[in-house]
Amino acid sequence: MSNQPQPGSELLDGVSGQELFSVNMGLTYRDFLVLPGYIDFNPSDVELETKLSKNISLKRPLMSSPMDTVTESEMAIAQALMGGIGIIHYNNSIDEQVDLVRKVKRYENGFIKDPILLSPEHTLADLDAVKEKYGFSGIPVTEDGTASTKLVGIVTNRDVDFERDRGIKLGKVMTTELITASVGISLQEANNILRTSKKGKLPIVDKQGKLVALICRSDLKKNKEFPQSSKDDQKRLRVGAALSTLPESRDRMAALAGVGVDAIIIDSAQGNSSYQMEMIHWIKSNFPNIDVIGGNVVTKAQAANLIAAGADGLRIGMGPGSICITQDTMAVGRAQATAVFKTAEYAQSHGVPVIADGGISNIGDIANALAIGASMCMMGSMFAGTKEAPGEYFYENGIRLKKYRGMASLEAMSKGGDKRYFSESQKIKVAQGVSGYVVDKGSVLNLIPYLVQGLRQSFQDMGFRNIPDLHKALREGKLRFERRTESAQAQGSVHGLYSYTKPSMRAE
């Protein structure tokens, strides 16, 4: 925390977080402001490192929602490169979800322990299929296409770029004069060989010449370009995946663990259920090294049940999303700011981080969520419409758009989204979400730096250099807040102009 002068009680304006949320009324992020603090540092001094769960720390408090129009492998890769994490949705088959997670884990590595292998008898068409599925084409070639036989070559783009006949066997085009390294070499030593040799890949072989690992030059470049990226202890990008509480999720869980998923989110609209508690307990009993995030919850009692079941993190929100109509349709839920504060207050005492999920449409909402106790902010609409979101762009009235739909919309439920609403066996479907369209926002790789810079400036205005200090001040009552009326909200935004150009979040 800054060495800021501490005002006497007679100068302490506003109210504490405890006092702000003591009113018997639900508050949203727009209903209050954080009062300014003392500045003795630059925005660049702000560190946004935070906790996703008990055992996973990330450099950025941002993550993408497990929605089928928001997060698949491309979004999850971008989120991890930028220091956050993406959660792969489950509106798909087990194999499809596993494949999406595998693509993220294979994207950037230190030592790749299980590289894709081909044999000299495979063809260029087989190589093309690997490139289409996994996004890369520099493939080691062993005698029989398995790790059980000797490495005999590597086939790369430069070997095959101008070959029209895709039936040619790899044995005729592969590079056989290889620079290799022996088992036991350090990652730093291997990277030095790549730098000096100017090769794209460095195979690591044992005494019998069998391939045991692979190092990629492209990963060196990625490490330099994305120094804040989220990685596991094997230097692979981090990624999460969503599960339901249905019996098939146990098979799904085992398959996801097999490809190295880092965290699991139990994706339920109302998480305070015996089904979810049983699922959390089962996962923690069978896969103790994988963190489980429970939810969604909005009250202390709900949070207590999931924490007791073994949850390593909590996802907070019931009805605040821009495409969610749960509160209107079901008359159940809670205003999001109140939900975040109350659950975070309880969870913090048990060392469990909470994720604010929903109701975030600008930088100020993110800052407010963090200020009242959230450790991470999960966003759907913020990242929908970006280049990395699933789906194709189309034009309407000259505006470039992408589809965005709630997982409880009738459209999404027909694909399996009803697994999170305990309604998958019901013949009559009651929608708790809608389908819509959002404007093109450009690339997440440009959008997230914009959000991060705005957050740093917000933290500077509040007078805090990092999230732990902000949360400490919240608990101690030193972080001060003030409610604001509807007229104050109107005055705090653009007003009194004939017309104006709204600042765009579109990342160019």
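This is a predicted model: local features need pLDDT of at least 70, side-chain atom pairs count only at pLDDT 80 or more; totals for chains, interfaces and linings use all residues.
**Exercise 1. The overall make-up**

State how many helices and strands the protein has, and what share of its residues is buried.

Solution. Count the elements: there are 17 helices and 20 strands. Then turn to burial. Of the 508 residues, 53% are buried. Check the surface next. The protein exposes about 23200 Å², and carbon and sulfur atoms supply 49% of that area. Last, look at contact range. Take the contacts with a separation of 6 or more; residues 24 or more positions apart account for 66% of them.

**Exercise 2. The nonpolar cores**

Identify the residues with the most contacts inside the largest nonpolar core, and the helix that gives this core its largest share.

Solution. The largest core has 93 residues. Inside it, Ile264, Ile283, Leu314 and Phe383 have the most contacts. Helix 15 (residues 444–462) supplies the largest share, with eight residues. A second core is separate and has 14 residues, including Leu58, Met63, Ala242 and Met378. Now zoom in on isoleucine 283. Set aside its neighbours within four places in sequence. Its contacts are then Leu243, Met253, Ile264, Ile266, Pro288 and Val292.

**Exercise 3. Helix 2**

Why is helix 2 described as largely enclosed by the rest of the structure?

Solution. List the buried residues first: Ser73, Met75, Ala76, Ile77, Ala78, Gln79, Ala80 and Leu81. That makes eight of the nine residues of helix 2 (residues 73–81), so the rest of the structure largely encloses this helix. Then ask what does the packing. The buried residues of helix 2 pack against strand 4 (62–64), strand 5 (85–88), helix 3 (94–107) and helix 15. Now step past the end of the helix. Just after helix 2, glycine 83 takes a positive phi of about 100 degrees.

**Exercise 4. Histidine 89**

Is histidine 89 buried or exposed?

Solution. Locate the residue: histidine 89 is in the loop between strand 5 and helix 3. Its relative accessibility is 2%, and the cut-off for buried is under 20%, so histidine 89 counts as buried. Next, list what surrounds the residue. Beyond four places in sequence, histidine 89 contacts Pro66, Met67, Asp68, Thr71, Glu72 and Gln97. Take proline 66 from that list. Proline 66 and histidine 89 are 23 residues apart along the chain, yet their C-alpha atoms are separated by 4.1 Å.

**Exercise 5. Aromatic geometry**

Classify the ring pair of phenylalanine 32 and phenylalanine 481.

Solution. The structure holds four aromatic pairs. In this one, the ring centres are 5.8 Å apart and the planes meet at 75 degrees. Planes over 60 degrees apart count as edge-to-face, so this pair is edge-to-face. Now place the partners. Phenylalanine 32 is in strand 1 (residues 32–34) and phenylalanine 481 is in strand 20 (residues 481–483), so the pair links parts of the chain 449 residues apart. Both residues are buried. They also belong to one aromatic cluster with Phe21 and Phe341.

Phenylalanine 287 is buried, at 18% relative accessible area.

**Exercise 6. Charges over a ring**

Which residue lies over the face of tyrosine 393 at 3.7 Å from the ring centre?

Solution. That residue is arginine 400. Tyrosine 393 also has lysine 402 over its face, at 4.6 Å from the ring centre.

**Exercise 7. Aspartate 357**

Solution. Then leave out residues up to four places away. Aspartate 357 touches Asn296, Arg315, Ile316, Gly317, Pro320, Gln336 and Met378.

Note on methods
Residues are numbered from 1 along each chain as its sequence is written. Side-chain values use heavy atoms; hydrogens and water are left out. A nonpolar core is a set of buried Ala, Val, Leu, Ile, Met, Phe, Trp, Tyr and Cys residues joined through side-chain atoms within 4.5 Å. Buried means under 20% relative accessible area, exposed over 50%, partly exposed in between (1.4 Å probe, protein chains only). Helices (H or I, at least four residues) and strands (E, at least two) are DSSP runs, numbered from the N terminus. Contact means heavy atoms within 4.5 Å. Rings of Phe, Tyr and Trp (its six-membered ring) pair if their centres lie within 6.5 Å; planes under 30 degrees apart count as stacked, over 60 as edge-to-face and the rest as tilted. A charge sits over a ring if NZ of Lys or CZ of Arg is within 6 Å of the ring centre and within 35 degrees of the ring normal. Accessible areas come from the Shrake-Rupley method with a 1.4 Å probe; for residues, only the protein chains shown count as cover.
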